[in-house]
Amino acid sequence: MTHAAVAASAMRPPFPAERGVDVYNKKLGMWVFLGSEVMFFTALIGSYVILRFGAPGPWALPGKVLNIPVTAFNTFLLICSSVSMVKAYAAIANGDQKWLKIWFGLTILCGAGFVAVQAYEYTHLIHHGFLPSGYRDGSELAELAAANPVMYGQAVAGLYGSTFFTMTGFHGFHVTCGVISMLYLYVTRVLPGKYTKDDHAGVEVVGLYWHFVDLVWIILFTIVYLI
Amino acid sequence: MHTAQPHKHPNYLLIWLYLFLLTVAELGLAFELPISRNMKLILLLFLAVWKALLVALFFMHLKFERWNLRILAIVPLPLAAILILAVITEHIW
Amino acid sequence: MTTAAAPHAAPHAGHAPMGFWRKYIFSTDHKIIGIQFLFVSLFFLLVGGFLAMQIRWQLGFPGRPMPGGGILPETMAPGGVILPEYYIQLVTMHGTFMVFFAIMPLLVGVFANFLIPLKLGAHDMAFPRINMWSFWTAFLAGMIMLAGFFVPDGAARAGWTSYAPLSARPDLSGASYGQMLWCISLVCLGLSSILGSLNYITTVINNRAPGMTWFRMPLSVWALFITAILGLLALPVLSGAAIMLLFDQTIGTHFFDPAAGGQALLWQHLFWFFGHPEVYILILPAMGMVSDIIANGSRKPIFGYHSMVFAIVGIAFLGWMVWGHHMFVSGMNPTLGSTFMVSTLIIAVPSAIKVFNWMGTMWRGNLHFHVPMLNAVGFVAMFVIGGLSGIYMAATPLDMFIHDTYFIVAHIHYVLFGGSLFALFGAITYWYPKMFGRVMSERWGKIHFWLTLLFYNCTFFPMHIYGMGGAMRRIYDPTQYDFLRPYQPLNQFITISAFLLFATQLIFFVNFWWSLFKGKKAEQNPWHDNGLEWTLPSPAPHGNWERVPTVYRGPYEFSSPEVAEDYLPQTRKLPTDREPVLAPVAGA
């Protein structure tokens, strides 16, 4: 392979940098970007941990306000989308166009399903009176909380709403961005068969982002819904 | 395939099964169980970290990358830990 | 994959000539983007300076109508007399503009963009289009921030640190839309910095020319690289915090509202967890560029290159665990306070290493005091003063006394103006020929430097004394306090010096614009420097190199006995030099 051909490939550095990380630009850029995403979610999740640790009253028990079965299904969806993403990557790494299309399409479907379920969950919660500012006065939740202040964490309902909606909302925003960008790649690159065995940077890079979003959800699901 | 080190693809469906079972285990822990709340907390966090590691190592291929890329992924974690631990001490002094 | 000097076709070669919009406005060329950042951030530097002049007028001559203040609306300064509500906006926006929209983009936006590819021998950044977005997001952020002055209730009023709950509750601060715009603007700026940083980091790691090993990189690139890491990891925390603050104001969350269980201190922790790395974002690139300039002006290799690199890394690393020293009087956990005190004192060590290395470089050098060198030496001197007062206030007991006084104001201006801005004046003059193909006036540059040094010290040094006398920062009218009344003549002296300092900066701006059109045409290597950028014509062409250069040595080989000239470019091959060995590409 000539050097010019090597440099032309999208999946390698323009020229081999000595003692570099030996990862092509887009992938390295995505990893670096994910580093900043870690810090962004640290700000949000860290605030939740800190606020909950120093909260003036007990937090609502798991499952009292939030619907665990629905979000468990959502977790399942996201894990499925993650595995289909990595299967899509494995398919194109072997030059398999057909299975790339199938697995990539499944990923988008599962991702979109996650967003839809989350939208349903939000409307449901808001309908029952769970808002970013706490339990809405006169709502079903507010009455339940008045009857069982400890079980529903009435004293810290404001913090509960604030942290819950901010964390899951920004996670949902990231999922939405991921779905949109995957849809874009699907239409412009996957369906026309532009990814090849040698050049499939887009699948790998968007996959990294997608797995990261999945990883954040794994953490969020545990610490927001189950603890 | 000459991106990262060429590697054999692991059995992704097996990882998926692990993730599924771990999630089921987490859900089981959410019920009322005859163990203390702290025990529950530790178990849940342990399971969450396990799942996160599975995703990072196999789906994000960190297991097959070279150390210089792994370091890149690890660098923010101590910073996050410093921030959260330092501020938490506000409440226990 | 056999030859080391394999041809690397320029990615832009053979493109059709682009129209005005693609070439100058929505450009993806790193040099144009750097110049765009330069113009925009110089504008914001002027805006920030203008706000400072109003602050100084009020402090020097409280209650008297400001000359020309009559054009301001009744809600700001009726009859030219600054209202307290407007004064606090001035203080807030001066800090915000200077930190986020003047110094930070000047250092990182301008010089990281301009220098990294040029000094490493790359055709462009790793992601040119993301680079363009980084600029336009920053521009948008600046406009949103500026819009704060034109909305009902005026701009943000909670100080540039926006301490909650004052900032979180519009009914407390009196600023509703202004504070929201402040938050939105900083979220945009955070995004811009992240996009920029990931570009810089990827470029430095991946796109170095053959032979440009890590320890042949110029210190400016090292500093910008480490700065990019700091920005990458610190700015998202600010964005997250600003989003929470915005939610507190708009959708009724209670993150920072103690009345509902929130924590006001949480904001301070998040802000300073970002804010202290930010301090190093604002000084490290300046240190890096000053190192380049001082080696050039002394015609000597930089003293202790490796220790300089490790000092940069050390400062960046320690910078993550010192943020609490901004919060000694906040009621923070005192044990934590002691930890922060110790870590802050330790950070003086790498800083001192740098200062001594600069002095070591100049020692017995063949000193050429051109304008960049003058400014660089000014930087070192002023940084020493600012750094020493920094060690001072790292001690908790002492900080208790001087916290939130003009002593702190003096300190921050010694490191930000005396430090970063002097370095920037030097750096702009130094790389101006490569940017615009012309040289800035040497004579006016020198006049500007000496006058700035004089008036700058007259302005900020007395603030140490004023602060020790107990003057709180952000007070509206110092004559209301008995114990401050004796200091009023000093205050007026500061004000007059500040006006002269501002006027002196106009020399720089006029010099800048005049040289753009009428300056002497620059030769290829006007400073006889070794860096890769000086092997290009001035101004550097689109796409930089036809063929990527090969690097044979570090950037500081001045006065080498091996050649007749007193400089030895990084690309020049001596008979003893070996061709760089290329790392094998995996899988090839």
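In α11(C), the buried residues are F340(C), M341(C), T344(C), I347(C), P350(C), S351(C), K354(C), N357(C), W358(C) and T361(C). Bear in mind as you look at them that this is a predicted model.

As for the helix itself, α11 of chain C runs through residues 334-362, which makes 29 residues. From its first C-alpha to its last it reaches 43 Å, close to the 42 Å expected at 1.5 Å a residue. Just after α11(C) comes R364(C), which takes a positive phi of about 60 degrees.

## How chain C is divided

Chain C is split into three pieces: domain 1 (36-282), domain 2 (318-519) and domain 3 (523-588). Take domain 1 and domain 3 of chain C: their C-alpha centres are 37 Å apart. The two are in contact, with 11 residues from domain 1 of chain C and 17 residues from domain 3 of chain C taking part. On the domain 1 side of that contact in chain C, you'll find 6 nonpolar, 3 polar and 2 charged residues.

## Zooming in on V439(C)

Now pick out V439(C), which sits in strand β1 (residues 438-439) of chain C. Is V439(C) buried or exposed? V439(C) has 20 other C-beta atoms within 10 Å, so V439(C) is buried.

Setting aside its neighbours within four places in sequence, V439(C) is in contact with Y432(C), P433(C), S515(C), G519(C), K520(C), A522(C) and P526(C). Another pair to find is V439(C) and E523(C): they are 84 residues apart in sequence, yet 8.8 Å apart in space, C-alpha to C-alpha.

## Chain B, a run of helices

Over to chain B, which has 4 helices and 0 strands, giving the pattern α-α-α-α along the sequence. Why call chain B more spread out than a compact globule? Its radius of gyration is 17 Å, well over the 12 Å that the globule rule gives for 93 residues, so chain B is more spread out than a compact globule. Along the principal axes, the C-alpha atoms of chain B fill a box of roughly 50 × 35 × 10 Å, and 24% of the 93 residues of chain B count as buried.

On confidence, chain B has a mean pLDDT of 84, with 91% of its residues at 70 or more. Residues 1-5 of chain B have pLDDT below 50, though beyond near neighbours in sequence this stretch has 16 contacts in the model.

## Where chain B meets chain A

Here, 40 residues of chain B are in contact with 40 residues of chain A. Which helices of chain B supply at least two residues each to the side that touches chain A? They are α1 (12-30), α2 (37-59), α3 (67-74) and α4 (76-88) of chain B. Out of these, α1(B) gives the most, with 11 residues.

Sorted by class, the side of chain B that touches chain A has 31 nonpolar, 5 polar and 4 charged residues.

Technical notes. Residues numbered from 1 in each chain as written. Chains lettered and ligands numbered in written order. Predicted model: local features only at pLDDT ≥ 70, side-chain atom pairs only at ≥ 80, totals over all residues. Domains from an automatic or database assignment. Contact = placed C-beta atoms within 7 Å. Nonpolar A, V, L, I, M, F, W, Y, C, P; charged D, E, K, R; others polar. Rg over C-alpha atoms; globule rule 2.2 N^0.38 Å. Buried ≥ 20, exposed ≤ 12 C-beta atoms within 10 Å, placed from the backbone. pLDDT = per-residue confidence, 0-100. Expected span 1.5 Å × (residues − 1).
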